[in-house]
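Please consider the sequence and the model shown below. The paragraphs that follow lead through selected parts of it.

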Amino acid sequence: RIYVAGFCFGGGVAARYSQWKPHKVAACGVFYGKPVSNGEGLPPLYAVFGAKDGQFPPAVVDEFEAELGERGVRSEFRRYAGQGHAFVKDREAIKGGDAKDAWEGWLAFCSRHAKTEE
């Protein structure tokens, strides 16, 4: 099985692909991407959002997290107070700060779910 992650538009694409092929995806990472409107069939999902993101404000993220919880999707949401959209943007960014924390969180999430595959 594979791990799928996407950034910005790709975050929403990663989530939709994971719903389409759940038997192939061990975990999905959404880095400030469009929340799927229906969490049905999602594998474990890791989500990263900046609290200052104008495209996906905190209320939208909260609603997404609540829906996944209602559907029983295992998820981990990380919100970063000082960040806007696209702060985990390249290899240089993940060397420090919130971007590093978000990226290392994704790697740890994958590791945990590699051990708990159904």
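Is His 113 buried or exposed? His 113 is buried, with a relative accessible area of 10%, where buried stands for under 20% relative accessible area, exposed for over 50%, and partly exposed for values in between (1.4 Å probe, protein chains only). This residue is found in helix α3; helices (H or I, at least four residues) and strands (E, at least two) are DSSP runs, numbered from the N terminus. Leaving out residues up to four places away in sequence, His 113 touches Tyr 3, Ala 26, Ala 27, Pro 44 and Arg 74, a contact being heavy atoms within 4.5 Å.

The model is predicted, so local features need pLDDT of at least 70 and side-chain atom pairs count only at pLDDT 80 or more, whereas totals for chains, interfaces and linings use all residues. Residues are numbered from 1 along each chain as its sequence is written, and side-chain values use heavy atoms, with hydrogens and water left out.

The interior may be approached through its nonpolar core, a set of buried Ala, Val, Leu, Ile, Met, Phe, Trp, Tyr and Cys residues joined through side-chain atoms within 4.5 Å. The largest such core has 31 residues, and those with the most contacts inside it are Phe 31, Leu 45, Phe 49, Phe 77, Phe 87 and Ala 102. At least two residues of this core come from each of α1 (9-20), β2 (25-31), β3 (45-50), α2 (58-70), β4 (75-80) and α3 (97-115).

Phe 77 deserves a separate description. Its place is in strand β4, and at 11% relative accessibility Phe 77 counts as buried. Apart from neighbours within four places in sequence, Phe 77 is in contact with Leu 45, Ala 47, Phe 49, Val 61, Phe 64, Glu 65 and Leu 68. Phe 77 and Phe 49 are 28 residues apart in sequence, while their C-alpha atoms are 7.9 Å apart in space.

Aromatic rings form a further theme. Rings of Phe, Tyr and Trp (its six-membered ring) pair if their centres lie within 6.5 Å; planes under 30 degrees apart count as stacked, over 60 as edge-to-face and the rest as tilted. A search of the whole structure finds 14 aromatic pairs. Ring pairs join Phe 7, Phe 31, Tyr 32, Tyr 46, Tyr 80, Phe 87, Trp 103, Trp 106 and Phe 109 into a cluster.

A polar atom of the Ser 18 side chain lies 2.8 Å from the backbone oxygen of Ala 14. Residues up to four places away in sequence aside, Ser 18 touches Val 4, Val 25, Cys 28, Gly 41, Leu 42 and Pro 43. With the same exclusion of residues up to four places away, Gly 33 touches Cys 8, Gly 11, Gly 12, Phe 49 and Phe 56. The C-alpha atoms of Gly 33 and Ala 51 are separated by 13 Å, the two residues being 18 apart along the chain.

The cysteines remain to be considered. How many disulfides are there? The count comes to zero, a disulfide being a pair of cysteine sulfur atoms within 2.5 Å. Cys 8 is in no disulfide, and the nearest cysteine sulfur, that of Cys 28, is 14 Å away. Cys 110 is buried, at a relative accessible area of 11%, whereas Cys 8 is partly exposed, at 27%.

Backbone geometry brings Cys 8 back into view. Most residues other than glycine have a negative phi. Cys 8, in the loop between β1 (2-7) and α1, has a positive phi near 55°. Ala 86 likewise has a positive phi, of about 65°, although it is not a glycine. Ala 86 lies in the loop between β4 and α3 and is partly exposed at 26% relative accessibility.

Note on methods. Polar contact = N/O pair within 3.5 Å; in protein donor to acceptor, adjacent residues only side chain to side chain.
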